[in-house]
Amino acid sequence: MTDPQRPIQPPSLIQNLRALFEDTIDLFRKEIELAKAEFSEKLSQAQSGLTMIFCGLLLCAVATFLLAQALVTWLAIYLGPAGAALAIGAAVLLFGVIALWIGAARLKPQNLKPVRTIRATSENATQFKETFNDKIK
């Protein structure tokens, strides 16, 4: 029990620094947990995207081969076998390059950046500075 005669004293500088240190360690632990969770989420997102791109490329390759074969056979009537193969090969190459460009654009690093962790860490750093300055005063 506290003595009613004795005034309540504010926490000492050591107590404030200890509390600040403990809060900072707790905050860093939570930030690390958040970063791990977000990194895992982004890794899964990248793996899923790469798997779908691979499956799509495989299916498109088979379909493109079959369609190209049919087109070459049809165009051979008008352009001859070599001309038809050249025309269809160039068209397939163009579509392939466009598909690869689109797939690469979807895997840009900025889409995989842990935005929430960066924002939370920045906010917590600002709060830490303010708390530290308040406790030192």
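How many residues apart are Asp 26 and Lys 30 in helix α1? Let me start there, everyone: they are 4 residues apart, about one turn of the helix. Helices here are DSSP runs of H or I with at least four residues, numbered from the N terminus.

A quick word on the ground rules. This is a predicted model, where local features need pLDDT of at least 70 and side-chain atom pairs count only at pLDDT 80 or more, while totals for chains, interfaces and linings use all residues. Residues are numbered from 1 along each chain as its sequence is written, and side-chain values use heavy atoms, with hydrogens and water left out.

Back to our pair. The side chains of Asp 26 and Lys 30 form a salt bridge, at 3.4 Å from N to O. By salt bridge I mean a side-chain nitrogen of Lys or Arg within 4 Å of a carboxyl oxygen of Asp or Glu. By that rule the count is 3 salt bridges.

Now for Arg 116. Glu 38 forms a salt bridge with Arg 116, and their closest N and O atoms are 3.7 Å apart. That pair links distant parts of the chain, with Glu 38 in helix α1 and Arg 116 in helix α2 (residues 115–136), 78 residues apart. Glu 41 also forms a salt bridge with Arg 116, here with 3.0 Å between the closest N and O atoms. Shared partners join Glu 38, Glu 41 and Arg 116 into one network.

Is Glu 38 buried or exposed? Glu 38 counts as buried because its relative accessibility is 2%; the cut-offs are under 20% for buried, over 50% for exposed and partly exposed in between, with a 1.4 Å probe and protein chains only. Arg 116, at 38%, is partly exposed, and so is Glu 41, at 39%.

Ile 77 is exposed because its relative accessible area is 64%.

Thanks, everyone!

Technical notes:
Helix = DSSP H or I, 4+ residues; strand = E, 2+ residues; numbered from the N terminus.
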